[in-house]
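Morning, everyone. I have one structure to go through today, and I will keep it brief. Please have a look at it before I start.

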Amino acid sequence: MKPESADSESARASALAAELRIVISAFSRRLREQAEVGDLTSAQKSVLLRLERDGPATASALARAEAMRPQSMGAIIAVLETAGYVAGTPDPSDGRQTIISLTDSFREWVSAARKARQDWLLRTLQAGLTAQEQRQLADAVEILKRLLHSH
């Protein structure tokens with residue numbers, strides 16, 4: 001391979017990486033717009049996602065997992081409780097602690113929000129892409145999965 005060719009391929013790969021980052025970011029924003037959780041901070045969203053993924057936890061366990069001070073976590077939990085997204089119950093093994101968990105109403109909202117995003121995406125795919133383009137996109141998704149799991 002000629003040095004010029006390698007430079008050309010490197011330039012194309014660099015341009016592709018930049019374009020892919022921009023498109024994926026814009027696509028993510030469009031999906032979030034379909035069912036957004038109010039004006040939550042990124043830290044509040046992160047706590048909600050952790051509770052959904054890992055299950056109920058104490059405020060101190062959440063603070064450790066999120067690498068923040070317990071006082072900061074307390075403030076986040078207070079906002080989420082006021083909004084009705086989380087609730088606390090006494091820890092049966094240590095009454096001094098409270099177990100924080102997602103409320104049923106928030107879980108239902110999350111489910112509805114995901115369904116709204118899925119429905120929007122389905123309608124957009126069906127209306128905007130031919131069957132051939134949908135197959136090409138499916139192939140591209142497999143490539144993106146490989147990229148995601150490499151390194």
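I will take the sheet, then the helices on it, then the pocket, and finish with an aromatic pair.

Keep in mind throughout that this is a predicted model.

Start with the sheet. It is open, has 3 strands in the order β1-β3-β2, and its pairing is antiparallel. Which strands sit at the edges? Those are β1, residues 57-58, and β2, residues 86-91, and each of them pairs on one side only.

Now the two pairings in turn. β2 and β3, where β3 covers residues 94-102, are joined antiparallel over 6 bridges. These two strands make a hairpin, with 2 residues between them.

Helix α2, residues 42-54, lies across β1, β2 and β3, and runs at about 95° to β3. Helix α4, residues 70-82, lies across β2 and β3, and its angle to β2 is about 115°.

How much space lies in the largest pocket? About 420 Å³. There are 14 residues lining the largest pocket, and the closest to its centre are Phe27, Leu31, Leu121, Leu137 and Leu144.

Where does that lining come from? Three helices each supply at least two residues of it: α1, which is 3-33, α5, which is 104-128, and α6, which is 131-149. The largest share belongs to α1, with 6 residues. By type, the lining residues are 10 nonpolar, 3 polar and 1 charged.

Last item, the aromatics. How many aromatic pairs does a search of the whole structure find? It finds 3. The one I want to show is Phe27 with Trp120: the ring centres are 6.2 Å apart and the planes are at 50°, so this pair is tilted. It links distant parts of the chain, since Phe27 is in helix α1 and Trp120 is in helix α5, 93 residues apart.

To recap the two regions: the open sheet has the order β1-β3-β2, and the largest pocket draws on α1, α5 and α6 for its lining. That is what I had.

Definitions and conventions
Residues numbered from 1 in each chain as written. Predicted model: local features only at pLDDT ≥ 70, side-chain atom pairs only at ≥ 80, totals over all residues. Heavy atoms only, no water. Pairing = 2+ DSSP bridges. Helix = DSSP H or I, 4+ residues; strand = E, 2+ residues; numbered from the N terminus. Contact = heavy atoms within 4.5 Å. Axes fitted to C-alpha atoms, helices over the stretch in contact; angles between N-to-C directions. 1 Å grid on protein atoms, 1.4 Å probe; cavity = no way out; pocket = protein on both sides within 12 Å on 5 of 7 lines; lining within 4 Å. Points joined across faces, edges and corners; volume = space filled by probe spheres on them. Nonpolar A, V, L, I, M, F, W, Y, C, P; charged D, E, K, R; others polar. Phe/Tyr/Trp six-rings, centres within 6.5 Å; stacked < 30°, edge-to-face > 60°.
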